[in-house]
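Visitor: Please take a close look at one single part of this model, and then relate that part to the remainder of the chain.

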Amino acid sequence: MKGLVIKTHNRFYEIKAGDEVFLCSPKGSFKRKAEPEYRLPVVGDQVDLELLAKRQRGVDGYIVAIDYRRNRLKRALVDKRKERVMAANLDRILVVSACVKPGVDWGFIDRYLLTCELADIPCSILLNKVDLDPNHGEDNFIDIYRSLDYPMLKTSVKSAIGLDTLKAMTADGISLFTGASGVGKSSLINQLAPQANLATGEVDARKGTGKHTTTFSALVPMEHGQAWLADSPGLRDFAPPPVEPDQVRFGYREIAQAQKDCRFSTCLHNAEPGCAVRAAVSDGSISNHRYRSYLAVVQEMRDYFQSRF
Ligand SMILES: Nc1nc2c(ncn2[C@@H]2O[C@H](COP(=O)(O)OP(=O)(O)O)[C@@H](O)[C@H]2O)c(=O)[nH]1
Ligand SMILES: [Mg+2]
Ligand SMILES: [Zn+2]
(Lines give C-alpha, C1' and ligand atoms only; values in the text may rest on other atoms or scores of the structure.)
(Ligands and ions follow the chains in the order given, each with its own letter.)
Protein backbone atom coordinates (compact mmCIF):
# COMPACT_ATOMS: atom_id res chain seq x y z
CA MET A 1 0.00 0.00 0.00
CA LYS A 2 1.20 3.53 -0.82
CA GLY A 3 0.91 6.44 1.54
CA LEU A 4 2.04 10.01 2.18
CA VAL A 5 4.18 10.89 5.20
CA ILE A 6 2.28 13.70 6.92
CA LYS A 7 3.92 13.78 10.33
CA THR A 8 7.17 12.65 11.85
CA HIS A 9 7.58 11.83 15.52
CA ASN A 10 10.77 10.55 16.99
CA ARG A 11 10.84 7.12 15.43
CA PHE A 12 7.28 6.92 14.21
CA TYR A 13 5.59 8.37 11.19
CA GLU A 14 1.98 9.18 10.43
CA ILE A 15 1.08 7.99 6.97
CA LYS A 16 -2.04 9.05 5.12
CA ALA A 17 -3.32 6.30 2.85
CA GLY A 18 -6.76 6.64 1.39
CA ASP A 19 -8.95 8.14 4.10
CA GLU A 20 -6.96 6.65 6.92
CA VAL A 21 -3.89 7.63 8.88
CA PHE A 22 -1.55 4.87 10.03
CA LEU A 23 1.23 5.04 12.57
CA CYS A 24 4.26 3.24 11.16
CA SER A 25 7.94 2.78 11.73
CA PRO A 26 10.61 2.06 9.11
CA LYS A 27 11.44 -1.59 8.70
CA GLY A 28 15.04 -2.30 9.66
CA SER A 29 15.88 -4.23 6.54
CA PHE A 30 14.92 -1.37 4.23
CA LYS A 31 16.98 1.10 6.22
CA ARG A 32 20.08 -1.03 5.75
CA LYS A 33 19.55 -1.38 2.02
CA ALA A 34 18.56 2.17 1.10
CA GLU A 35 20.82 4.92 -0.24
CA PRO A 36 21.91 7.18 2.64
CA GLU A 37 19.54 9.96 1.60
CA TYR A 38 16.62 7.56 1.66
CA ARG A 39 17.14 5.95 5.04
CA LEU A 40 14.87 8.31 6.93
CA PRO A 41 11.40 9.28 5.75
CA VAL A 42 10.50 12.97 5.78
CA VAL A 43 7.20 14.77 5.35
CA GLY A 44 6.11 14.73 1.74
CA ASP A 45 7.56 11.29 1.08
CA GLN A 46 5.50 8.70 -0.74
CA VAL A 47 6.17 5.38 0.93
CA ASP A 48 5.29 1.71 0.61
CA LEU A 49 3.58 0.24 3.65
CA GLU A 50 3.23 -3.24 5.02
CA LEU A 51 0.22 -3.13 7.32
CA LEU A 52 -0.24 -5.49 10.24
CA ALA A 53 -3.52 -7.28 10.87
CA LYS A 54 -3.77 -5.31 14.08
CA ARG A 55 -1.68 -2.74 15.91
CA GLN A 56 1.41 -4.28 17.49
CA ARG A 57 4.10 -2.62 19.60
CA GLY A 58 2.41 0.69 19.01
CA VAL A 59 2.44 0.58 15.21
CA ASP A 60 -0.07 -0.24 12.50
CA GLY A 61 2.63 -1.38 10.13
CA TYR A 62 6.01 -0.74 8.59
CA ILE A 63 7.48 1.53 5.97
CA VAL A 64 9.31 -0.74 3.57
CA ALA A 65 10.42 1.73 0.88
CA ILE A 66 10.57 5.44 0.11
CA ASP A 67 9.70 6.48 -3.44
CA TYR A 68 12.09 8.55 -5.52
CA ARG A 69 11.92 12.19 -4.40
CA ARG A 70 11.29 14.60 -7.22
CA ASN A 71 12.82 17.34 -5.08
CA ARG A 72 13.95 17.86 -1.52
CA LEU A 73 14.61 20.77 0.80
CA LYS A 74 17.79 20.38 2.81
CA ARG A 75 19.14 22.16 5.80
CA ALA A 76 22.65 22.52 7.10
CA LEU A 77 23.35 20.66 10.30
CA VAL A 78 25.39 22.11 13.14
CA ASP A 79 28.42 20.44 11.65
CA LYS A 80 27.88 22.42 8.49
CA ARG A 81 29.54 19.93 6.23
CA LYS A 82 26.55 17.71 6.79
CA GLU A 83 23.10 18.26 5.39
CA ARG A 84 19.79 16.73 6.15
CA VAL A 85 16.68 16.39 4.03
CA MET A 86 13.81 18.15 5.77
CA ALA A 87 10.92 17.71 3.37
CA ALA A 88 10.38 16.16 -0.04
CA ASN A 89 8.18 16.43 -3.11
CA LEU A 90 7.24 20.04 -2.52
CA ASP A 91 5.02 21.74 -5.06
CA ARG A 92 6.02 25.18 -3.92
CA ILE A 93 7.81 27.13 -1.26
CA LEU A 94 6.30 30.39 -0.08
CA VAL A 95 8.89 32.76 1.29
CA VAL A 96 7.09 35.01 3.71
CA SER A 97 8.27 38.47 4.75
CA ALA A 98 6.54 41.23 6.66
CA CYS A 99 6.32 44.70 5.04
CA VAL A 100 6.67 46.21 8.52
CA LYS A 101 7.62 44.47 11.75
CA PRO A 102 10.32 43.58 10.86
CA GLY A 103 10.40 44.80 7.21
CA VAL A 104 11.45 43.05 4.03
CA ASP A 105 14.98 41.76 3.68
CA TRP A 106 15.38 41.20 -0.06
CA GLY A 107 18.82 39.65 0.37
CA PHE A 108 17.23 37.01 2.55
CA ILE A 109 14.58 36.38 -0.09
CA ASP A 110 17.31 36.01 -2.72
CA ARG A 111 18.96 33.30 -0.65
CA TYR A 112 15.74 31.34 -0.57
CA LEU A 113 15.17 31.83 -4.27
CA LEU A 114 18.69 30.48 -4.79
CA THR A 115 17.94 27.42 -2.68
CA CYS A 116 14.71 26.79 -4.55
CA GLU A 117 16.24 27.24 -7.99
CA LEU A 118 18.99 24.76 -7.19
CA ALA A 119 16.55 22.33 -5.59
CA ASP A 120 14.08 22.64 -8.45
CA ILE A 121 11.20 23.79 -6.25
CA PRO A 122 8.90 26.59 -7.47
CA CYS A 123 9.13 29.60 -5.19
CA SER A 124 6.68 32.42 -4.50
CA ILE A 125 7.16 35.59 -2.50
CA LEU A 126 4.61 36.69 0.09
CA LEU A 127 4.67 40.17 1.61
CA ASN A 128 2.50 39.96 4.69
CA LYS A 129 1.26 42.63 7.11
CA VAL A 130 0.48 45.10 4.32
CA ASP A 131 -2.12 46.56 6.69
CA LEU A 132 0.76 48.08 8.67
CA ASP A 133 2.47 49.55 5.64
CA PRO A 134 1.27 52.94 4.37
CA ASN A 135 3.04 52.22 1.07
CA HIS A 136 1.56 48.75 0.80
CA GLY A 137 4.85 47.11 -0.04
CA GLU A 138 8.02 48.27 -1.73
CA ASP A 139 6.85 48.49 -5.28
CA ASN A 140 10.16 49.17 -6.98
CA PHE A 141 11.45 45.88 -5.63
CA ILE A 142 8.23 44.10 -6.40
CA ASP A 143 8.59 45.03 -10.06
CA ILE A 144 12.06 43.48 -10.17
CA TYR A 145 10.83 40.10 -8.94
CA ARG A 146 7.63 40.16 -10.98
CA SER A 147 9.72 40.67 -14.10
CA LEU A 148 11.64 37.53 -13.14
CA ASP A 149 8.33 35.62 -13.06
CA TYR A 150 8.29 34.91 -9.37
CA PRO A 151 4.70 34.93 -8.14
CA MET A 152 4.35 37.80 -5.68
CA LEU A 153 1.50 38.33 -3.31
CA LYS A 154 0.74 40.99 -0.72
CA THR A 155 -1.28 39.70 2.19
CA SER A 156 -2.70 40.80 5.47
CA VAL A 157 -4.12 38.41 8.00
CA LYS A 158 -5.47 41.33 9.97
CA SER A 159 -7.29 43.06 7.11
CA ALA A 160 -8.00 39.93 5.07
CA ILE A 161 -6.05 41.05 2.02
CA GLY A 162 -4.85 38.56 -0.58
CA LEU A 163 -6.12 35.53 1.31
CA ASP A 164 -8.36 34.25 -1.48
CA THR A 165 -5.48 34.46 -3.92
CA LEU A 166 -3.28 32.66 -1.43
CA LYS A 167 -5.92 29.98 -1.11
CA ALA A 168 -5.93 29.54 -4.86
CA MET A 169 -2.11 29.44 -4.99
CA THR A 170 -2.01 26.63 -2.44
CA ALA A 171 -5.10 24.73 -3.63
CA ASP A 172 -3.20 21.63 -4.65
CA GLY A 173 -0.08 19.72 -3.69
CA ILE A 174 2.26 20.55 -0.84
CA SER A 175 3.12 24.14 0.04
CA LEU A 176 5.84 24.92 2.51
CA PHE A 177 5.90 28.28 4.28
CA THR A 178 9.24 29.65 5.32
CA GLY A 179 10.69 32.97 6.43
CA ALA A 180 11.96 34.64 9.58
CA SER A 181 10.17 34.35 12.91
CA GLY A 182 7.29 36.72 13.45
CA VAL A 183 6.44 37.47 9.81
CA GLY A 184 3.10 35.67 10.06
CA LYS A 185 3.60 32.18 8.63
CA SER A 186 1.54 30.40 11.25
CA SER A 187 -1.14 33.09 11.11
CA LEU A 188 -1.45 32.63 7.35
CA ILE A 189 -1.69 28.85 7.64
CA ASN A 190 -4.40 29.24 10.26
CA GLN A 191 -6.36 31.28 7.72
CA LEU A 192 -6.12 28.54 5.12
CA ALA A 193 -6.63 25.66 7.53
CA PRO A 194 -8.42 26.92 10.67
CA GLN A 195 -8.42 23.47 12.24
CA ALA A 196 -4.60 23.58 12.32
CA ASN A 197 -4.82 26.07 15.16
CA LEU A 198 -1.08 26.77 15.10
CA ALA A 199 0.41 28.85 17.88
CA THR A 200 1.19 32.43 16.84
CA GLY A 201 2.65 35.36 18.67
CA GLU A 202 5.26 38.02 19.08
CA VAL A 203 8.83 36.89 18.90
CA ASP A 204 10.49 36.76 22.26
CA ALA A 205 13.75 35.02 21.57
CA ARG A 206 15.29 35.89 24.90
CA LYS A 207 12.75 34.22 27.09
CA GLY A 208 11.25 31.94 24.53
CA THR A 209 8.15 31.78 26.66
CA GLY A 210 5.03 30.52 25.05
CA LYS A 211 6.94 30.07 21.84
CA HIS A 212 5.95 26.97 20.09
CA THR A 213 8.66 26.30 17.55
CA THR A 214 7.15 24.41 14.71
CA THR A 215 9.43 22.27 12.59
CA PHE A 216 8.92 20.70 9.21
CA SER A 217 7.51 17.79 11.09
CA ALA A 218 3.90 17.98 10.00
CA LEU A 219 1.70 18.65 7.01
CA VAL A 220 -1.58 20.37 7.75
CA PRO A 221 -4.48 19.52 5.44
CA MET A 222 -6.43 22.30 3.77
CA GLU A 223 -10.14 22.13 4.44
CA HIS A 224 -10.99 20.28 1.25
CA GLY A 225 -8.27 17.73 2.08
CA GLN A 226 -6.61 17.79 -1.34
CA ALA A 227 -3.71 20.02 -0.41
CA TRP A 228 -1.16 20.22 2.36
CA LEU A 229 0.59 23.05 4.15
CA ALA A 230 3.84 22.89 6.09
CA ASP A 231 4.81 25.48 8.65
CA SER A 232 8.50 25.91 9.30
CA PRO A 233 10.78 26.82 12.13
CA GLY A 234 12.37 30.23 12.47
CA LEU A 235 15.62 31.15 10.84
CA ARG A 236 17.72 30.03 13.70
CA ASP A 237 16.61 26.45 13.26
CA PHE A 238 16.78 26.36 9.54
CA ALA A 239 19.47 27.67 7.25
CA PRO A 240 19.69 26.45 3.67
CA PRO A 241 22.98 24.60 3.16
CA PRO A 242 25.81 26.59 1.57
CA VAL A 243 26.51 26.19 -2.14
CA GLU A 244 29.78 26.31 -4.04
CA PRO A 245 30.53 29.89 -5.19
CA ASP A 246 30.43 28.86 -8.85
CA GLN A 247 26.92 27.45 -8.39
CA VAL A 248 25.44 30.71 -7.10
CA ARG A 249 24.92 32.03 -10.64
CA PHE A 250 22.42 29.23 -11.31
CA GLY A 251 20.28 30.51 -8.48
CA TYR A 252 19.70 33.88 -10.15
CA ARG A 253 17.44 33.38 -13.16
CA GLU A 254 18.42 36.47 -15.08
CA ILE A 255 22.12 35.87 -14.44
CA ALA A 256 21.89 32.23 -15.52
CA GLN A 257 20.18 33.48 -18.67
CA ALA A 258 22.65 36.26 -19.50
CA GLN A 259 25.78 34.26 -18.76
CA LYS A 260 25.33 32.21 -21.90
CA ASP A 261 26.85 35.21 -23.68
CA CYS A 262 29.82 35.64 -21.35
CA ARG A 263 33.16 35.07 -23.07
CA PHE A 264 34.18 32.44 -20.53
CA SER A 265 31.86 29.64 -19.50
CA THR A 266 33.38 29.76 -16.01
CA CYS A 267 32.68 33.51 -15.71
CA LEU A 268 31.66 34.51 -12.20
CA HIS A 269 30.63 37.97 -13.50
CA ASN A 270 33.01 39.76 -11.24
CA ALA A 271 35.80 41.38 -13.25
CA GLU A 272 36.23 38.95 -16.13
CA PRO A 273 36.55 40.43 -19.63
CA GLY A 274 33.64 39.95 -22.02
CA CYS A 275 31.10 39.51 -19.22
CA ALA A 276 27.56 39.66 -20.56
CA VAL A 277 26.09 39.88 -17.09
CA ARG A 278 27.94 43.08 -16.25
CA ALA A 279 26.94 44.47 -19.64
CA ALA A 280 23.31 43.68 -18.81
CA VAL A 281 23.67 45.46 -15.46
CA SER A 282 25.11 48.53 -17.23
CA ASP A 283 22.27 48.72 -19.70
CA GLY A 284 19.70 48.17 -16.95
CA SER A 285 18.28 44.84 -18.09
CA ILE A 286 19.60 43.21 -14.92
CA SER A 287 18.86 45.18 -11.77
CA ASN A 288 21.72 46.54 -9.76
CA HIS A 289 20.06 45.27 -6.63
CA ARG A 290 20.04 41.67 -7.83
CA TYR A 291 23.58 41.89 -9.18
CA ARG A 292 24.88 43.21 -5.87
CA SER A 293 22.94 40.53 -4.05
CA TYR A 294 24.54 37.90 -6.29
CA LEU A 295 28.06 39.24 -5.63
CA ALA A 296 27.41 39.33 -1.89
CA VAL A 297 26.27 35.72 -1.85
CA VAL A 298 29.25 34.56 -3.95
CA GLN A 299 31.58 36.31 -1.50
CA GLU A 300 29.78 34.84 1.47
CA MET A 301 30.07 31.32 0.05
CA ARG A 302 33.72 31.86 -0.81
CA ASP A 303 34.48 32.97 2.74
CA TYR A 304 32.57 30.05 4.08
CA PHE A 305 34.36 27.41 2.04
CA GLN A 306 37.76 29.01 2.63
CA SER A 307 37.34 29.16 6.37
CA ARG A 308 36.05 25.67 6.48
CA PHE A 309 38.31 23.53 4.34
N1 LIG B 1 -0.73 43.62 11.69
C2 LIG B 1 -0.57 42.35 11.31
N3 LIG B 1 -0.07 41.46 12.18
C4 LIG B 1 0.09 40.17 11.77
C5 LIG B 1 -0.28 39.75 10.47
N6 LIG B 1 0.02 38.45 10.35
C7 LIG B 1 0.52 38.06 11.54
N8 LIG B 1 0.56 39.09 12.41
C9 LIG B 1 1.04 39.08 13.80
O10 LIG B 1 2.45 38.86 13.78
C11 LIG B 1 2.85 38.09 14.91
C12 LIG B 1 3.65 36.86 14.45
O13 LIG B 1 2.79 35.99 13.72
P14 LIG B 1 3.09 34.44 13.55
O15 LIG B 1 2.04 33.88 12.68
O16 LIG B 1 3.30 33.79 14.88
O17 LIG B 1 4.49 34.50 12.77
P18 LIG B 1 5.49 33.29 12.42
O19 LIG B 1 6.58 33.33 13.44
O20 LIG B 1 6.04 33.63 11.05
O21 LIG B 1 4.71 32.02 12.42
C22 LIG B 1 1.56 37.71 15.64
O23 LIG B 1 1.41 38.59 16.72
C24 LIG B 1 0.49 37.92 14.60
O25 LIG B 1 -0.76 38.24 15.17
C26 LIG B 1 -0.83 40.75 9.57
O27 LIG B 1 -1.14 40.48 8.40
N28 LIG B 1 -0.93 42.01 10.04
MG1 LIG C 1 5.05 30.31 13.55
ZN1 LIG D 1 30.03 36.97 -16.85
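Guide: By class, three nonpolar, nine polar and five charged residues make up the shell around ligand 1. Here Ala, Val, Leu, Ile, Met, Phe, Trp, Tyr, Cys and Pro count as nonpolar, Asp, Glu, Lys and Arg as charged, and the others, Gly among them, as polar. The model is a predicted one: local features need pLDDT of at least 70 and side-chain atom pairs count only at pLDDT 80 or more, while totals for chains, interfaces and linings use all residues. Residues are numbered from 1 along each chain as its sequence is written, whereas chains are lettered from A and ligands numbered from 1 in the order in which they are written.

Around ligand 1 there are 17 residues, of which Gly184, Lys185, Ser186, Ser187 and Thr200 come nearest; a residue is near if its C-beta atom, placed from the backbone, lies within 6 Å. Helix H6 contributes the largest share of this shell, three residues. Helices (H or I, at least four residues) and strands (E, at least two) are DSSP runs, numbered from the N terminus.

H6 covers residues 185–192, and six of these eight residues are buried, so the helix is largely enclosed by the rest of the structure. The buried ones are Lys185, Ser186, Leu188, Ile189, Asn190 and Leu192. A residue is buried if 20 or more other C-beta atoms lie within 10 Å of its own, exposed if 12 or fewer, and partly exposed in between. The cover over the buried residues of H6 includes strands E8 (92–98), E9 (123–128), E11 (173–178), E12 (220–221) and E13 (227–230), as well as helix H5 (163–169); contact requires C-beta atoms within 7 Å.

In the chain as a whole there are nine helices and 13 strands, and 34% of the 309 residues count as buried. Among contacts between residues at least 6 apart in sequence, 61% join residues at least 24 apart.

Another helix, H3 (residues 106–119), has buried residues that include Ile109, Asp110 and Arg111. Just after H3, Asp120 takes a positive phi of about 65 degrees.

Elsewhere, five strands form a closed barrel in the order E1-E2-E3-E5-E4, with mixed pairing; two strands pair if DSSP finds at least two bridges between them. Ile15 stands opposite Phe22 in E3.

Technical notes: Two residues are in contact if their C-beta atoms, placed from the backbone, lie within 7 Å.
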